[in-house]
Amino acid sequence: MADRNYLGEAAAAAAFSSAPARGLSPPLGWKERLRAGLAGAGASLWFVAGLGLLYALRVPLRLCEHLAAVTGFLNSLTPKFYVALTGTSSLISGLIFIFEWWYFHKHGTSFIEQVSINHLRPLMGGTESSISEPGSPSNREGETSRHNLSECKVWRNPLNLFRGAEYRRYTWVTGKEPLTYYDMNLSAQDHQTFFTCDTDFLRPSDTVMQKAWRERNPPARIKAAYQALELNNDCATAYVLLAEEEATTIVDAERLFKQALKAGETIYKRSQQCQHQSPQHEAQLRRDTNVLVYIKRRLAMCARKLGRIREAVKIMRDLMKEFPPLTMLNIHENLLESLLELQAYADVQAVLAKYDDISLPKSAAICYTAALLKTRTVSDKFSPETASRRGLSTAEISAVEAIHRAVEFNPHVPKYLLEMKSLILPPEHILKRGDSEAVAYAFFHLQHWKRIEGALNLLQCTWEGTFRMIPYPLEKGHLFYPYPSCTETADRELLPTFHHVSVYPKKELPFFIHFTAGLCSSTAMIALLTHQFPEIMGVFAKASIHTLLSGWRSTLFLCKVLL
């Protein structure tokens with residue numbers, strides 16, 4: 001996703017200001033007004049014609065006799081009938097209310113509304129033409145939906161934790177599973193893509209590891225890794241699997257990764273010598289390159305977790321120089337976090353200058369780190385009271401704009417940074433602009449925001465102002481494309497069930513939930529009053545019925561006078 005430049009925004013704002021306001025239609029011409037008036041008059045004529053037909057058929061249909069019979073039947077009803085009636089109505093409306101609430105929380109929409117739109121509206125002739133003009137709103141909506149589908153691509157978390165040394169230890173302590181099946185299945189697909197190729201059958205150890213990466217049971221994967229080492233003691237991917245899943249501490253994981261590095265470098269050099277012999281050897285070199293880069297990156301993360309931060313920074317910089325085409329691995333996000341830990345803010349700015357580019361995809365790490373650097377220059381002296389009196393300085397305006405930019409990209413992050421929501425372990429995969437990315441960013445970067453005095457205070461005072469600039473985030477963005485509407489579904493698949501997924505924009509309860517709740521409450525109250533005060537409620541019910549019947553008679557009399 002790319003930013004839109006500010007000149008483009010100014011031009012768009014100027015063009016938009018001359019267009020009709022949102023929700024307002026342009027003035028109608030005299031033909032449109034005449035057509036609308038005739039349509040309204042036609043509806044009135046149909047209504048009068050219906051009343052006239054009813055009055056004309058009052059004798060054949062014996063309406064007066066039926067009306068008298070209904071009146072007599074209603075007068076003979078006892079209060080017990082009204083208690084039973086209102087009680088039954090309350091029960092039915094309560095059941096509808098419970099079902100509507102459950103359906104809304106599971107699917108995010110109203111069941112009655114969906115049935116009305118998808119089934120009843122076509123029966124009533126409310127279908128729309130499927131053929132639209134090239135520039136029509138329906139085509140624009142289709143383009144936006146296709147863009148949202150591309151926006152909901154799931155990315156591998158560049159700072160993902162170690163399964164054995166971190167995720168499994170969490171499970172031992174809390175008894176909760178931090179990873180979902182969907183997340184682990186995506187990781188299995190990644191491992192098969194990175195660590196296997198078509199020439200695995202040439203080496204028995206690689207054949208065993210190919211089966212190991214497809215295995216769902218962790219003990220079976222670990223057993224297969226040991227079998228591969230028995231066949232070939234220099235099987236790098238076997239050491240990788242053991243470091244990721246069997247090692248219970250970071251120290252043990254680092255030791256296994258060092259063994260994997262030694263074996264991986266040997267295999268990589270051998271593949272380089274044979275890469276031009278055939279396409280199969282080229283595929284084998286790509287696989288061995290992926291293995292080597294993965295091992296070095298995880299060694300850098302081990303060094304970072306063990307406090308050897310400068311060593312981690314050096315490994316990451318060397319990786320980015322040696323393998324520049326592998327930018328999709330987002331190693332620069334690992335580098336940004338390590339440089340922030342060193343408080344090397346000039347180096348952080350240099351990395352941002354290269355990767356915070358309009359042509360490169362954005363992430364929460366890039367946007368919020370850029371906001372943190374600008375906040376750092378003014379946060380220690382920032383005061384809301386002082387700013388309200390004298391206004392914001394140029395540097396403060398720049399910091400606030402950077403915060404608004406970051407919040408527009410991912411609006412879920414501030415609640416975690418301000419500790420308004422509890423953090424969990426980040427998943428192995430994230431959805432950009434989603435709650436999963438917010439969890440992953442805040443888990444590692446909250447300490448960096450706390451380290452800078454006043455940074456969280458400035459964030460707390462300014463972040464909600466972003467939503468006033470984008471009142472319709474699903475339809476129109478400010479600095480980025482409209483917020484994708486598919487993030488909630490993907491985040492629920494990536495994050496564990498015990499985590500309350502953050503949803504943006506906040507959904508309002510459908511009308512039918514309010515309606516059924518009011519109907520259930522009112523009928524229950526009427527049933528209770530009828531049971532407690534049967535005589536008074538009986539008089540009230542008869543009076544109401546007589547009022548309705550009198551209104552019906554008045555309507556018939558009015559029809560007689562008019563005709």
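These are legends for close-up views of a predicted model.

View 1. Helix α21 runs over residues 435-451. With 17 residues, α21 reaches 24 Å from its first C-alpha to its last, close to the 24 Å expected at 1.5 Å a residue. Even so, look for a kink of about 50 degrees in α21, centred on His445. Since 13 of the 17 residues of α21 are buried, the helix is largely enclosed by the rest of the structure.

**View 2. Glu437, a buried charge without a salt bridge.** Stay with helix α21 and find Glu437. Which side chain of opposite charge is nearest to Glu437? That's Lys432, but Lys432 is 5.9 Å away. A salt bridge needs the nitrogen and oxygen within 4 Å, and Glu437, although buried, has none.

**View 3. Lys450 and Glu419, a salt bridge between a helix and a loop.** Here the closest N and O atoms of Lys450 and Glu419 are 3.5 Å apart. Lys450 belongs to helix α21 and Glu419 to the loop between α20 and β2, so this pair ties together parts that are 31 residues apart in sequence. Lys450 counts as partly exposed, at 44% relative accessibility, while Glu419 counts as exposed, at 52%.

**View 4. Helix α7 and its packing partners.** Helix α7 covers residues 163-174, and its buried residues are Arg163, Gly164, Ala165, Glu166, Tyr167 and Thr171. What do these buried residues pack against? The partners are α8, α10, α11, α12 and α13. Just after α7 comes Gly175, with a positive phi of about 75 degrees.

View 5. In total, the structure holds 21 salt bridges. In the one shown here, the side chains of Glu428 and Arg163 meet at 2.9 Å, N to O. Arg163 sits in helix α7 and Glu428 in the loop between α20 and β2, so the pair ties together parts that are 265 residues apart in sequence. Are these two residues buried or exposed? Both Glu428 and Arg163 are buried.

**View 6. Asp288 and Arg203, another salt bridge.** The side chains of Asp288 and Arg203 meet at 3.9 Å, N to O. Asp288 is in helix α13 and Arg203 in the loop between α8 and α9, so to speak distant parts of the chain, 85 residues apart. Asp288 and Arg203 are both buried.

**View 7. Phe257 in the largest nonpolar core.** This core has 96 residues, and those touching the most other members are Met209, Phe257, Ile295, Tyr368, Leu417 and Trp449. Helix α13 gives the most to the core, with ten residues. Nonpolar side chains tend to be buried together in soluble globular proteins. Zoom in on Phe257 and, leaving aside its neighbours within four places in sequence, you'll find contacts that include Phe162, Val240, Tyr294, Ile295, Leu299 and Cys302.

View 8. Where is Gln343? Look in the loop between α15 and α16. Gln343 isn't a glycine, but it has a positive phi of about 60 degrees. At 44% relative accessibility, Gln343 counts as partly exposed.

How values were computed
Residues numbered from 1 in each chain as written. Predicted model: local features only at pLDDT ≥ 70, side-chain atom pairs only at ≥ 80, totals over all residues. Heavy atoms only, no water. Helix = DSSP H or I, 4+ residues; strand = E, 2+ residues; numbered from the N terminus. Buried < 20%, exposed > 50% of the residue type's maximum accessible area, 1.4 Å probe, protein only. Lys, Arg positive; Asp, Glu negative; His and termini not counted. Contact = heavy atoms within 4.5 Å. Expected span 1.5 Å × (residues − 1). Bend = angle between axes of the 7 residues up to and from the residue. Core = buried A, V, L, I, M, F, W, Y, C linked by side-chain atoms within 4.5 Å.
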